[in-house]
Amino acid sequence: MSEIIILFLGAISAGLLGSLTGLGGGVIIIPLLTLGFGVPMHYAIGASLISVIGTSSGAAVAFVKEGFTNMRIGMFLEIATTAGAIAGALVSGMLNPNTIGIIFASILLLTVILNLKGKPDHQEPLVKGSLEEKLKLYGTFPDKGILKSYSARNTVPGFLMMMFAGAMSGLLGIGSGALKVLAMDNMMKLPFKVSTTTSNFMIGVTAVASALIYFQRGEIIPVIVAPVLIGVVIGSFIGSKTLMVSKTKKLKVFFAIVITILSIYMMYNGINKSFR
């Protein structure tokens with residue numbers, strides 16, 4: 001019982017840190033379960049995926065109502081992320097836990113770098129006769145009371161990047177939000193607010209696709225998943241409220257250092273074959 005309470009409190013901390021950094025609770029949950037509680041890697045990934053579904057769903061509804069999320073672009077790119085997530089989940093079952101730990105640490109470092117980079121805000125006009133026009137990958141979003149128009153660009157590279165993001169989500173049990181935003185923001189030239197909110201909408205659906213495979217393999221354990229899910233949701237809620245009154249830039253730098261140290265420790269354990 002005491003272990004469940006400690007796990008619950010740890011999950012609250014993971015949700016809080018994930019919300020404040022914008023990296024999501026999964027980046028903390030995996031190290032917490034594997035290194036802190038000795039949970040086998042695949043069980044930790046299964047629990048993390050369920051927590052990702054829970055945390056993304058609540059925020060996604062709010063963003064859709066506010067008119068930032070582009071449902072059409074999100075659903076189109078979900079084809080790529082879902083295919084990637086299923087492939088990633090299947091590959092995960094064939095990989096050694098220590099190999100997954102090393103890949104996790106590498107992607108975590110990449111995510112931290114992407115999260116700290118400056119975000120240019122694109123607002124591209126629609127090109128007549130383009131692939132984006134044929135697929136209707138354009139829309140409007142509210143900005144200070146004004147509706148602004150935008151259109152996607154470079155759809156094919158963005159789609160392929162989404163497949164990679166989905167594969168990393170299924171393989172590692174994280175939302176891969178930073179990789180999705182990289183695809184939509186840097187490659188497809190969507191406005192930053194549209195990229196982040198549409199990414200949030202997609203994360204839950206991507207996680208469901210891979211979670212089903214982990215469930216089928218018996219790698220989602222209720223006694224681990226329940227405290228993790230509830231804790232992460234509570235922590236994310238506290239984090240979203242704290243974020244409004246905190247200095248975001250300093251927080252991101254501080255937590256980037258913490259997560260970098262964590263990822264190096266994960267890589268060290270993976271190389272030394274400490275995971276099971």
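Contact here means heavy atoms within 4.5 Å. On that basis, among contacts in the chain between residues at least 6 apart in sequence, 80% join residues at least 24 apart. The structure is a predicted model, and its chain has 11 helices and two strands, which follow one another along the sequence in the pattern α-α-α-α-α-α-β-β-α-α-α-α-α. Of the 276 residues of the chain, 49% count as buried.

**Helix α2**

- Helix α2, formed by residues 26-36, is largely enclosed by the rest of the structure, because eight of its 11 residues are buried.
- The buried residues of α2 are Gly26, Val27, Ile28, Ile29, Ile30 and Pro31, together with Leu33 and Thr34.
- Glycine 38, which follows α2, has a positive phi near 70°.

**Packing of α7 and α9**

- Helix α7 (residues 155-172) packs with helix α9 (residues 192-216) at an angle of about 50°, and their axes lie 9 Å apart; that angle makes α7 oblique to α9.
- The crossing of these two helices, α7 and α9, is right-handed.
- On the α7 side the residues that take part are Met162, Gly166, Ser169, Gly170 and Leu171, and they meet Met202, Thr206, Ser210 and Tyr214 in α9.
- Sorted by class, the contact of α7 with α9 has four nonpolar and five polar residues, with no charged residues.

- Arginine 153 lies in the loop between β2 (146-151) and α7, and with a relative accessible area of 19% it is buried, since the cut-off for buried is under 20%.
- The side chain of arginine 153 reaches the backbone oxygen of proline 125 at 2.8 Å.
- When neighbours within four places in sequence are left aside, the contacts of arginine 153 are with Glu124, Pro125, Val127, Glu132, Met187, Met188 and Lys189.

**Lysine 189 and its surroundings**

- Lysine 189, one of the residues in contact with arginine 153, is placed in the loop between α8 (177-187) and α9, and its relative accessible area of 26% makes it partly exposed.
- Although lysine 189 and glutamine 123 are 66 residues apart along the chain, their C-alpha atoms are separated by 7.2 Å.
- Leaving aside neighbours within four places in sequence, lysine 189 is in contact with His122, Glu124, Ser151, Arg153, Asn154 and Met184, and Glu124 is also listed among the contacts of arginine 153.
- The side chain of lysine 189 reaches the backbone oxygen of asparagine 186 at 3.4 Å.

**Lysines with positive phi**

- Lysine 136 has a phi near 60°, which is a positive value in a residue other than glycine, and its place is in the loop between α6 (131-134) and β1 (138-143).
- The relative accessibility of lysine 136 is 45%, so this residue counts as partly exposed.
- Lysine 273, found in the segment after α11 (248-271), has a phi near 55°, again a positive value in a residue other than glycine.
- The relative accessibility of lysine 273 is 64%, so this residue counts as exposed.

How values were computed: Residues are numbered from 1 along each chain as its sequence is written. Side-chain values use heavy atoms; hydrogens and water are left out. Axes are lines fitted to C-alpha atoms, for helices over the stretch in contact, and angles run from 0 to 180 degrees between N-to-C directions. Helices (H or I, at least four residues) and strands (E, at least two) are DSSP runs, numbered from the N terminus. Angles under 35 degrees count as roughly parallel, over 145 as roughly antiparallel, 65 to 115 as roughly perpendicular and the rest as oblique. A crossing is left-handed if the near helix is turned anticlockwise from the far one by less than a right angle, and right-handed if clockwise. Ala, Val, Leu, Ile, Met, Phe, Trp, Tyr, Cys and Pro count as nonpolar, Asp, Glu, Lys and Arg as charged, and the others, Gly among them, as polar. Buried means under 20% relative accessible area, exposed over 50%, partly exposed in between (1.4 Å probe, protein chains only). A polar contact is a pair of N or O atoms within 3.5 Å; within protein, one must be able to donate a hydrogen and the other to accept it, and residues adjacent in sequence count only if both atoms are side-chain atoms.
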